[in-house]
Amino acid sequence: MRNGETIGPALLELPRTEVRPPNIGSWEEARKGFAWSVAERELGWGRGDPVNIGWNLSDRICRLGRAQKPALVWEGAEGQERCYTFDDLRVLSNTMAAWLGERGVGPGERVCLFLDRVPELYLAFVGILKLGAVVQPLFSAFGEESLATRLLDAGTCCVVTQRKHLPKVRRARTLLPDLRLVVVVDAGDAKLGEGEVAFDLDAEPRVESYEVFPAQPETPSVLHYTSGTTGQPKGAQHVHRSLVSQFLTTKWVLDLKEDDVYWCNADPGWVTGTSYGIIGPWSNGVTQVVLDAGFGAERWYSFLEKRRVTVWYSAPTAIRLLMKEGLVPVRRHDLSALRHLASVGEPLNPEAVHWSRDAYGLPFHDTFWQTETGCIVVSNYPGMPIKAGSMGKPFPGITAAILDLKTFEPIAEPGRVGMIGLVPGWPSMIRGYWNNPAGYAKKFANGWYLTGDRGTVDADGYFWFVGRDDDVINTGGHLVGPFEVESALLEHPAVAESAAVAKPDPVNMEVVKAFVTLKPGREASPDLELEIMNFVRKRLSPIAMPQEIAFVPSLPRTRSGKIVRRVLRAQEFGEPLGDVSTLMED
Ligand code: WT7
C-alpha cells in the first residue's frame with residue numbers, strides 16, 4: 001500500500017441495490033463556470049430575501065412535501081429510540097424558540113447548548129436560529145473551566161443543559177455575570193435554583209406557527225470555539241448565509257440523495273457535528289440518525305445495520321479503532337445499505353483507505369476543512385479517482401493554493417511544501433473571531449486566507465497534508481490549544497512552569513504531553529503525575545488531559561525567556577531541530 005496509489009473499483013463487491021450517478025456529476029464539469037448561485041436557486045433563496053437557517057431546515061422541507069418524512073432517528077446509550085419527522089422538527093423548534101423568547105432571550109444574544117447528543121440538542125439548535133439568537137454549542141464533556149472561559153468570552157445569556165451537567169454549570173456560573181437563564185431539559189423532580197428553569201419538550205404546548213426571525217445573509221448564526229496556539233480559544237463567528245455552502249457541499253461531497261439514511265458520528269460541540277450533523281443533511285431534506293453513545297465497534301456496526309445507514313461521515317481515529325477490531329465484527333453484520341463513506345479531522349492514512357475498501361467494499365473519502373471555513377474546502381468526490389493519502393481537490397467555487405511560507409505567493413511547482421491558502425469570500429467562511437479582530441486579521445496575508453496547515457499539491461492538482469504550521473495539538477480530530485492546557489497546569493499548587501506539546505500516538509494521531517517544572521519542595525512521583533492529569537481532566541476535558549507528564553528541571557526558552565514548545569515537540573516526534581540559533585530567537 002503505497003502513498004499515492006490510485007484506488008480502482010472496490011475489490012469486494014457487496015450487494016448494491018442501484019448505482020446512481022454522483023450528484024456532483026464530474027468535478028471538471030462542476031468547476032466550469034461555477035457560481036454559488038446554483039445553491040441559492042436550489043434553496044429557492046433570492047438575494048434580498050431573509051435566509052434563516054432554522055426555517056430552511058424545517059419549514060422549507062415541509063413545504064417541499066416531506067413533512068411526514070423522518071428528520072431525526074435517535075438512539076440513546078440504553079437503546080431508547082425516538083423519531084421526529086420534519087414536521088415535528090418544525091413545530092418543536094418553534095416551541096423552543098417561542099419559549100426562549102417569552103423568557104427574554106432576544107435576537108443576537110448567545111445561547112449555549114451544553115448537552116449530550118439528546119434530541120433536545122438538535123431541536124433547540126434549530127429553534128435558537130429561528131429566534132435569531134446565536135447558538136453556541138459546547139462539548140458536554142467539558143469541565144467547568146473550559147465551559148466558563150467560552151461562556152465568559154461570548155457573554156452568553158442562557159445555557160441549555162441536562163441535570164447531570166448542572167453541577168459544572170453552577171460552578172462556572174459564579175464567574176459569569178451575563179448568564180441569566182439556565183434551562184434544564186430533563187429536570188424531573190430536581191430542585192432548581194435561582195435562574196434555573198425546567199423545559200420539558202414532551203409536555204410543553206406545541207407551537208404550530210411561529211414568526212421566524214428574518215435573518216439577513218450576514219446575521220450571526222453559530223459560534224464555535226476553536227483552539228489556537230496562543231491565548232484562550234477563539235469564537236469562530238458564522239452567519240446565516242453559510243447555509244449556501246453547507247447545503248451544496250453536503251449534496252456534492254457527501255452525495256446525499258432524497259432516500260438516503262445519513263450518519264455523522266461527530267458531536268455538535270464541534271463544527272462537523274453542526275455543518276454536517278445538522279445543517280447539511282436537513283437543508284437537503286435527508287433523514288439522519290444519531291447515536292448518543294461512545295465508540296464501540298460492535299455497537300457501531302449494529303447501528304449501521306439496524307438503521308440501514310447509506311452514507312456515513314466519520315473520522316480517521318474512529319476508522320483506526322475499527323481497523324484494530326479487524327474483519328470479524330464487520331462480517332457479522334449486514335452493511336449492504338452503505339454506499340458512500342467520508343472522513344474528516346486529521347490526515348486519513350492510506351492504510352485506512354485501503355482497509356475500508358476491503359472491509360466495507362467502499363473506500364473512505366478524505367475531506368479537509370476547518371471550523372473557520374464552515375464547509376469542506378478540499379475533498380475526494382464520488383466518481384473521482386482517489387489517491388490514497390491525498391485530501392483531494394478544491395471544491396468548485398473554492399480557490400486553493402500552496403503558498404510560499406515567507407512571501408505568501410502561490411508556488412507553481414508541484415510537490416513543494418507551503419501553507420495551504422484559500423481565496424476568501426465563500427459563503428460559509430467565518431466573519432470574525434468574537435471580540436478578537438486582531439486574531440482574525442492574522443489569518444490573512446497577500447490576499448489569501450491562511451489555513452495554518454502545510455501541504456503540497458501534485459501535478460494532477462491533488463492536495464496533500466503535511467502538518468500544522470503551529471503548536472496546536474490534534475488529538476483524535478479535536479484541536480487542543482497548548483495555552484489552555486498550560487494555564488490549567490499552572491493552577492495546580494505543585495507546578496511552577498509548564499509546556500504542552502503533541503506526542504505521536506498510533507490511534508489518536510497525537511495526544512497531549514506536558515512538561516512541567518515543580519515548585520521548590522515538591523517531588524516528582526507517579527502519584528503526582530496522576531493527580532495533575534486528573535486536575536486538568538476535571539477543569540478542561542478528557543481530550544485535553546495530558547496522557548503523560550514529564551517532570552523536568554527546566555524548559556527550553558528563547559533568549560528573552562519565552563518557552564519554546566517546538567524543541568519539545570521535535571523531540572517527541574524524533575525530528576531534527578534544525579537551526580537552533582534561530583529557534584531561540586523571539
Ligand atoms: C484542522 C481543523 C473541519 C472539521 C473538523 C476539524 C486538521 C481537518 C483534515 C484532513 C488532515 C485535517 C487541520 C485543520 N484537519 N481535516 N482531512 N487531513 N488534517 O475542524 O477543529 O477547526 O480543525 O484539523 O489541521 O486545520 P477544526
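**Before you start**

The model is predicted: local features need pLDDT of at least 70, side-chain atom pairs count only at pLDDT 80 or more, and totals for chains, interfaces and linings use all residues. Residues are numbered from 1 along each chain as its sequence is written, and side-chain values use heavy atoms, with hydrogens and water left out. Helices (H or I, at least four residues) and strands (E, at least two) are DSSP runs, numbered from the N terminus.

**Stop 1: the ligand**

The shell holds 18 residues, and D366, T367, Q370, T371 and D453 come nearest. Now show the polar contacts (pairs of N or O atoms within 3.5 Å; within protein, one must be able to donate a hydrogen and the other to accept it, and residues adjacent in sequence count only if both atoms are side-chain atoms). An N or O atom in the side chain of D453 lies 2.5 Å from a ligand oxygen. For the side chain of T371, the distance from a ligand oxygen to an N or O atom is 2.6 Å. For the side chain of R468 it is 3.2 Å. Taken alone, the ligand exposes 560 Å², and the protein buries 97% of that. These accessible areas come from the Shrake-Rupley method with a 1.4 Å probe; for residues, only the protein chains shown count as cover. Helix 10, strand 15 (364-368) and strand 23 (463-468) are the elements that give two or more residues to the shell. Strand 15 gives the most, with three residues.

**Stop 2: strand 15**

Select 364-368. Is this strand enclosed or open? Five of its five residues are buried, so strand 15 is largely enclosed by the rest of the structure. Buried means under 20% relative accessible area, exposed over 50%, and partly exposed in between (1.4 Å probe, protein chains only). In a regular strand the side chains alternate between the two faces of the sheet. Here F364, D366 and F368 point one way, and H365 and T367 the other. S343 stands opposite D366.

**Stop 3**

Two strands pair if DSSP finds at least two bridges between them. Strand 2 (70-76) runs antiparallel to strand 3, joined by five bridges. V73 has C83 in strand 3 as its bridge partner.

**Stop 3: helix 4**

Select 59-66. D59, R60, I61, C62 and R66 are buried in this helix. What covers them includes helix 2 (37-42), helix 3 (53-57), helix 5 (86-102), helix 6 (119-131) and helix 10 (271-283).

**Stop 5**

T161 sits in strand 6 (158-161). At 0% relative accessibility, T161 counts as buried. Its side chain reaches the backbone oxygen of F114 at 2.8 Å. Its contacts (heavy atoms within 4.5 Å) beyond four places in sequence include L115, L166 and V182.

Move to V207, in the loop between strand 8 (196-198) and strand 9 (220-226). V207 counts as partly exposed, at 21% relative accessibility. Not counting residues up to four places away in sequence, V207 touches V91, N94, T95 and A98.

**Stop 6**

Select strand 26 (495-505) and strand 27 (509-518). Ten bridges join them, running antiparallel. They form a hairpin with three residues between them. A499 has F515 as its bridge partner in strand 27. Eight of the ten residues of strand 27 are buried, so strand 27 is largely enclosed by the rest of the structure. Strand 28 (548-551) runs parallel to strand 27, with four bridges. There, E548 stands opposite K513.

**Last stop: helix 18**

Select 565-573. R565, V567, L568, A570 and E572 are buried. Just after this helix, G574 takes a positive phi of about 65 degrees.

Definitions and conventions
A residue is near a molecule or strand if one of its heavy atoms lies within 4 Å of it.
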